[in-house]
Amino acid sequence: MNSNSDHKMPLSQRPEWSDVTPVPQDDGPNPVVPISYTDDFRETMDYFRAVYLADERSPRALHLTAEAIALNAANYTVWQFRRLILESLEADLHEELNFVDLVASSNSKNYQIWHHRRWAAEKLGAEATSRELEFTKKVFSADAKHYHAWSHRQWVLQALGGWEDELAYCQQLLEEDIFNNSAWNQRYFVITRSPLLGGLETMRDSEVSYTAEAIISKPENESPWRYLRGLFKNDMQSLVNDPQVLSLCLTVLKAENVSYVFALSMLLDLLCHGLQPSEELKNAAHALTSEAGPPGSDLARTVCSVLERVDPMRINYWKWRKSTLPAQVV
């Protein structure tokens with residue numbers, strides 16, 4: 001959608017606006033702290049108020065909203081009126097998305113822009129799916145954790161479709177950066193929401209295997225540990241009984257020169273929910289106490305003690321966990 005935002009000539013000197021009387025902003029007779037607007041901004045908004053109050057839904061009014069948006073892309077009223085005009089003119093919404101692309105290039109975290117984009121995409125329906133998914137990909141190439149873009153992408157998938165390649169896209173992002181917590185979040189969204197995959201129960205075993213590989217490669221990465229817990233949401237007993245999870249904890253605890261904070265934290269939760277540890281697991285955990293004195297007889301207490309030492313930022317939390325251990329593991 002082309003705009004007249006490049007005009008240098010004041011609106012008052014343009015022939016097409018000669019019939020309009022601008023409406024100044026009314027701050028009352030004695031404004032306490034009047035805002036020092038630029039002359040360009042003041043004039044543009046005065047003319048916008050005139051067409052808005054007259055409910056003029058014309059091409060020139062549409063161009064005027066583009067000029068107002070160029071001066072302040074966060075003005076909700078301008079965007080809302082622009083939508084009314086677009087509907088009345090039956091404008092080409094593909095062109096409107098081109099306009100939004102331009103505005104978003106310098107205002108990518110503006111709520112009004114994303115709301116307007118969703119409105120246009122929803123009007124276009126399925127024909128906007130590919131474009132919107134590609135647009136968010138471009139945003140992620142510059143900012144992989146862009147909240148608005150991720151929110152928009154999830155909306156597109158749910159409202160317009162496009163699930164077919166989404167899991168592969170998540171995997172691609174994680175191959176590029178295994179620490180990308182937004183990609184982990186999106187992967188969970190796909191696993192639990194995609195109508196093509198069968199749901200969490202169907203995908204759990206393969207996802208546990210995938211996550212375990214990611215954890216073993218970077219045990220200090222909290223995101224896959226969180227993802228792993230999410231795979232057993234509201235089903236702690238299945239987490240306790242899953243041999244892959246226990247094997248993962250053991251592998252990390254026995255590895256050399258790696259961070260095992262998250263493995264110990266997982267192990268502590270498993271113990272608190274009824275895990276009966278093997279001698280191998282006990283030995284691996286107790287081996288970590290060599291710098292903190294002889295190991296205690298209780299594994300859960302031992303884990304808490306190790307965590308107090310290796311995770312000093314949360315030492316008070318681990319002391320509290322030790323003090324509240326269930327009777328059956330104390």
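Where is the place of Asn-257? In this predicted model, Asn-257 lies in the loop between helix 13 and helix 14, where helices (H or I, at least four residues) are DSSP runs numbered from the N terminus. Residues are numbered from 1 along each chain as its sequence is written. Local features need pLDDT of at least 70 and side-chain atom pairs count only at pLDDT 80 or more, while totals for chains, interfaces and linings use all residues, and side-chain values use heavy atoms, with hydrogens and water left out.

Most residues other than glycine have a negative phi. Asn-257, although not a glycine, has a positive phi of about 55°. Asn-257 is also exposed, at a relative accessible area of 82%; here buried means under 20% relative accessible area, exposed over 50%, and partly exposed in between (1.4 Å probe, protein chains only). Asn-234 likewise carries a positive phi, near 60°, and sits in the loop between helix 11 (222-230) and helix 12 (236-241). The relative accessible area of Asn-234 is 76%, so this residue is exposed.

Helix 13 (residues 243-254) contains Val-245, which is buried because its relative accessibility is 1%. Leaving aside neighbours within four places in sequence, Val-245 is in contact (heavy atoms within 4.5 Å) with Leu-228, Phe-232, Leu-239, Met-266 and Leu-270.

Attention now turns to a helix pair. Two packed helices are described by the angle between their axes and the distance between the axes. The axes of helix 14 (residues 261-272) and helix 16 (residues 299-310) come within 10 Å and cross at roughly 155°; axes are lines fitted to C-alpha atoms over the stretch in contact, with angles from 0 to 180 degrees between N-to-C directions. The two helices are therefore roughly antiparallel, a term for angles over 145 degrees. On the helix 14 side, the contact is made by Val-261, Leu-264, Ser-265, Leu-267, Leu-268 and Leu-271, and on the helix 16 side by Leu-299, Ala-300, Val-303, Cys-304, Val-306, Leu-307 and Val-310. These residues divide into 12 nonpolar, 1 polar and no charged, with Ala, Val, Leu, Ile, Met, Phe, Trp, Tyr, Cys and Pro counted as nonpolar, Asp, Glu, Lys and Arg as charged, and the others, Gly among them, as polar.

Finally, the cysteines deserve a look. The count comes to 0 disulfides, a disulfide being a pair of cysteine sulfur atoms within 2.5 Å. The sulfur of Cys-272 is 6.9 Å from the closest cysteine sulfur, in Cys-304, which is too far for a bond. For Cys-249, the closest cysteine sulfur is that of Cys-272, 13 Å away and also too far. Cys-249 is buried at 0% relative accessible area, and Cys-272 counts as buried at 14%.

Notes:
Angles under 35 degrees count as roughly parallel, over 145 as roughly antiparallel, 65 to 115 as roughly perpendicular and the rest as oblique.
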